[in-house]
Amino acid sequence: MTALTRRIFLGMLAPPAATCFGQGMASRGVRPAPRGKPSGLPFRARFTDVAKQAGLTETVIAGHPYRADYIIEVMSCGVAFFDYDNDGWLDILVLSGSRFGDPPPGASNRLYKNNRDGTFTDVTQKAGLFRTGYAFGVTVGDYNNDGFEDLFITYYGQNALYRNNGDGTFTDVTKQAGLLSAAPRFGSGCTFVDYDRDGRLDLFVSNYAGFDMQSVPRAGDTTCNSDNVFCGPFGLAYGKHSLYHNNGDGTFSDVTEASGIGKATGGYGLTAVAADFNNDGWPDILLACDSTPTLMFRNKHDGTFSEEGLASGVALSEDGQEQAGMGLGIGDFRLDGSLHIVKTHYAADTPAVLVNNGKGNFADVTIRSGLAVETRYITWGVGIQDLDNDGKPDIFWVTGGIYPELDKRPGNPPNRTPRVVFRNLGNGQFEELIAEAGPGVEATHISRGCAFGDFDNDGDVDIVIVNHNEPPSLLRNDVSGDNHWIKVKLTGVKSNRSAIGARVVVRYGDKVQAQEVLAQSSYLSVNDSRLHFGLGSADTAEIEIRWPLGLIEKLGRVAADQLIHVTEGAGITRTQRFAARTAPAPRQKT
Ligand SMILES: [Ca+2]
Ligand SMILES: [Ca+2]
Ligand SMILES: [Ca+2]
Ligand SMILES: [Ca+2]
C-alpha cells in the first residue's frame with residue numbers, strides 16, 4: 001500500500017484527536033502540464049452575467065469579506081435550478097451561509113421565481129422558505145409523489161425537509177418526517193435516491209465533520225495555525241454519513257446501519273451523487289470527500305451497500321494521493337454510453353477526469369485528457385455539459401479562495417478567480433478556454449456551488465453560480481451557429497415521479513450519449529431535471545429511456561430543437577418548441 005499517504009495512514013491508526021487541530025485541505029503540489037498549441041476552432045457558446053438585470057440581487061453571506069472565524073463560514077453552499085410551480089420555467093433556489101457573531105438579518109436562502117421574460121422575483125417570504133443559518137447542500141425531488149418538487153437542505157445544526165404544497169408555498173416537515181437529528185450536525189452533501197427501487201425517493205445525507213463551536217478554536221487562536229486563519233478540516237473528527245428510507249406515509253426511517261452505509265470509514269463528505277455507475281440498473285452513491293478518500297457506495301440490490309471507493313478507482317489520485325474532493329460533474333464526455341466523472345480539488349492540484357470502463361471501474365485520465373494544464377485555482381462546482389450544442393459535452397467549473405485574511409498577503413494567490421471552461425475536442429482531449437467563453441467566464445469571484453439549466457428556454461445551457469459575500473451570477477449562454485439540440489423531461493408513474501435515477505441514451509449522427517436524472521451534483525447543487533443533449537449537425541435523435549424501476553422505452557426518430565415530455569409507459573405525451581432564441585448581447589470590443 002505504498003499508495004497511501006502518510007496522513008491517511010495516520011488517520012487509519014487513530015481518528016484525529018480533538019486537541020490536535022490543523023488547517024488546510026489536501027493538495028498534491030502539482031505543477032501545471034505544458035499547454036499545447038491552441039486548436040483555433042471557434043467556440044459557439046458565450047456567457048454573460050445577467051444576474052443583476054435578472055433580479056438575483058441578494059448577497060450570499062459567507063463570513064466577513066476580510067475574515068472567516070470558522071470553517072462553517074467558508075465551505076458554503078449550493079444552488080438549485082428547479083421548477084417549483086410547474087409552469088415550465090426554471091426557478092432558482094440560492095442557499096446562503098452566515099457570519100459568525102453578527103449575521104446580517106437578510107442572510108437567508110432565496111427562492112427566485114422565473115417571470116418568463118428573463119427576470120426573476122424573490123418569493124422567499126411568500127413561499128415560506130426564509131431561514132437564516134449555515135446552509136450547505138440541497139437536493140430536489142418529489143418524495144411524496146404528488147407532482148410537486150420538494151426540497152431537502154443541509155445545515156450546520158439541523159437539516160430541513162420542505163414539502164411543496166403545490167400552491168407556491170412550502171412547509172417545513174422535518175420533524176414529522178422523522179428527520180430531526182438528536183444533536184447538531186454539520187450536514188453537507190445530500191441526494192434523493194430510490195435505492196431499493198420501490199418507487200419512493202429515499203434520502204442520503206453526508207456530514208462534513210464533527211464540529212462544535214465550543215471546542216474548535218476560533219481563527220486567530222494559534223492552536224491550529226500561525227496564519228490566524230480558521231481551523232480545519234484537518235484535526236476535526238470525520239463526518240459520518242446517513243441513509244433514510246422513505247416509508248411512503250410522509251416519514252423516513254434511519255437505515256444507516258441496516259444498509260451498511262454506517263460501516264464506511266468516515267471522511268469530510270461534500271457533494272453526493274446517486275447514479276448507476278456500473279450499469280446494473282441500481283443506483284450507487286458517490287461521495288466526494290475533502291482531503292480524505294472519495295467513497296463509492298455500491299448498491300447490492302438487497303437494501304444494502306458496500307463501500308468500494310478504492311477498488312473502483314475513485315478514492316485517490318492516479319499516484320495514490322488524497323485530493324481535496326469538493327465537486328462532482330457527471331456525464332458522458334466519451335460518448336460511449338456510460339457515466340464518467342470530473343472531480344474538483346484544491347489549488348496546486350488538478351481536477352480529476354475519471355473514465356468509467358462500463359462496469360463502474362474508473363481510470364484517471366486527467367493528464368491524457370489535457371486538464372492538467374490548469375492547477376491555479378481552488379475548484380468547486382463543476383458540470384459535464386454540452387455548452388455549445390456541438391454534440392460533445394464540455395467541462396465547466398467555478399473557483400474561489402477560502403482564506404479571506406490571506407488575500408492581500410504577498411505570495412498568496414488571490415481569492416477571486418475566474419470560471420474555467422474545457423471544450424471537448426472530440427478526440428479524448430479537452431482545451432481550456434476562459435476569455436474565449438465570454439465575459440461571464442472571465443470575471444473573477446469567490447464561487448462555490450453552480451447549477452446548469454436553460455432558464456430562458458432557448459435551447460442552450462445557462463449557469464447559476466453562488467458567490468461569497470456578493471449576489472449570485474447568472475451566466476446567460478448565447479450560442480451562435482446552427483447546432484441542434486433536444487431536451488427530455490421525464491415523469492415517473494410506477495417509478496418515483498421525479499424520475500431520479502432514470503437513464504436516457506440518445507443516438508444522433510454517429511454518436512451515442514448517456515445521461516441520468518440526478519438529484520445532486522456539481523458542488524452541493526441541483527441541475528435542471530430536463531436533460532439537455534446538444535446534437536451538432538444531426539436534426540433527429542433516437543432516444544432510449546431506462547426508468548428507475550427497469551422499464552425500457554424506445555422512441556424512434558425524434559425531431560431536434562424541441563423539449564419532449566415522456567411519461568413512464570406512455571411514450572411522448574407532449575412536445576414543446578421554444579420561442580426564437582433571444583438576441584445575443586452586443587459583443588464587447590476587446
Ligand atoms: Ca417555474
Ligand atoms: Ca412533492
Ligand atoms: Ca425507496
Ligand atoms: Ca438558455
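Modeller: The protein chain holds 5 helices and 40 strands. The model is predicted: local features need pLDDT of at least 70 and side-chain atom pairs count only at pLDDT 80 or more, whereas totals for chains, interfaces and linings use all residues. Residues are numbered from 1 along each chain as its sequence is written, while chains are lettered from A and ligands numbered from 1 in the order in which they are written.

Biologist: What are the overall dimensions of the C-alpha trace along its principal axes?

Modeller: The C-alpha trace of the protein chain spans about 65 × 60 × 50 Å along those axes. Of the 590 residues, 57% are buried. Among contacts between residues at least 6 apart in sequence, 63% join residues at least 24 apart; a contact requires two C-beta atoms, placed from the backbone, to lie within 7 Å.

Biologist: Why is T154 called buried?

Modeller: A residue is buried if 20 or more other C-beta atoms lie within 10 Å of its own, exposed if 12 or fewer do, and partly exposed in between, with C-beta atoms placed from the backbone. T154 has 29 other C-beta atoms within 10 Å, and therefore counts as buried. The residue lies in strand β8 (residues 150-157). Leaving out residues up to four places away in sequence, T154 touches F136, G137, N159, G187, S188, C190 and V205. The C-alpha atoms of T154 and A135 are separated by 5.8 Å, although the two residues are 19 apart along the chain.

Biologist: Two residues other than glycine have a positive phi, N457 and D561. How do you know whether N457 is buried or exposed?

Modeller: N457 has 20 C-beta neighbours inside 10 Å, so it counts as buried. Its phi is near 45 degrees, and N457 is found in the loop between β30 and β31.

Biologist: What makes D561 partly exposed?

Modeller: D561 has 15 C-beta neighbours inside 10 Å, and therefore counts as partly exposed. Its phi is about 65 degrees, and D561 lies in the loop between β38 (552-559) and β39 (562-567).

Biologist: Why are β2 and β30 said to stand at the edges of their sheet?

Modeller: The open sheet is formed by 4 strands in the order β2-β32-β31-β30, with antiparallel pairing. β2 (47-49) and β30 (447-453) each have a single partner strand, so one side of each is left without a neighbour in the sheet. Neighbouring strands of this sheet are turned by 25 degrees against each other on average, direction ignored; the axes are lines fitted to C-alpha atoms, for helices over the stretch in contact, and angles run from 0 to 180 degrees between N-to-C directions.

Biologist: How do you know that β30 and β31 pair?

Modeller: Two strands pair if DSSP finds at least two bridges between them. For β30 and strand β31 (residues 462-467), 5 bridges join the antiparallel strands. S447 stands opposite N467 in β31.

Biologist: What makes both faces of strand β22 covered?

Modeller: In β22 (residues 328-331), L328 and I330 on one side and G329 and G331 on the other are all buried. β23 is covered on both faces as well, with H340 and V342 on one side and I341 and K343 on the other, all of them buried. β22 and β23 (residues 340-343) pair in the antiparallel sense over 4 bridges. G331 stands opposite H340, and the bridge partner of G329 is V342. β23 also pairs with strand β24 (residues 352-356), antiparallel and over 3 bridges, where K343 stands opposite A352.

Biologist: Which residues have the most contacts inside the largest nonpolar core?

Modeller: They are V79 and I92, in a core of 171 residues. A nonpolar core is a set of buried Ala, Val, Leu, Ile, Met, Phe, Trp, Tyr and Cys residues joined through C-beta atoms within 7 Å. Leaving aside neighbours within four places in sequence, the contacts of V79 include I92, L93, V94, L95, G449, C450, A451, V464 and V466.

Biologist: What is omega for the cis peptide bond that joins S76 and C77?

Modeller: Omega is about -10 degrees for that bond, and C77 lies in the loop between α2 (51-54) and β3 (79-82). Another cis peptide bond joins G232 and P233, with omega about 0 degrees; P233 is found in strand β14 (residues 232-233).

Notes:
Helix = DSSP H or I, 4+ residues; strand = E, 2+ residues; numbered from the N terminus.
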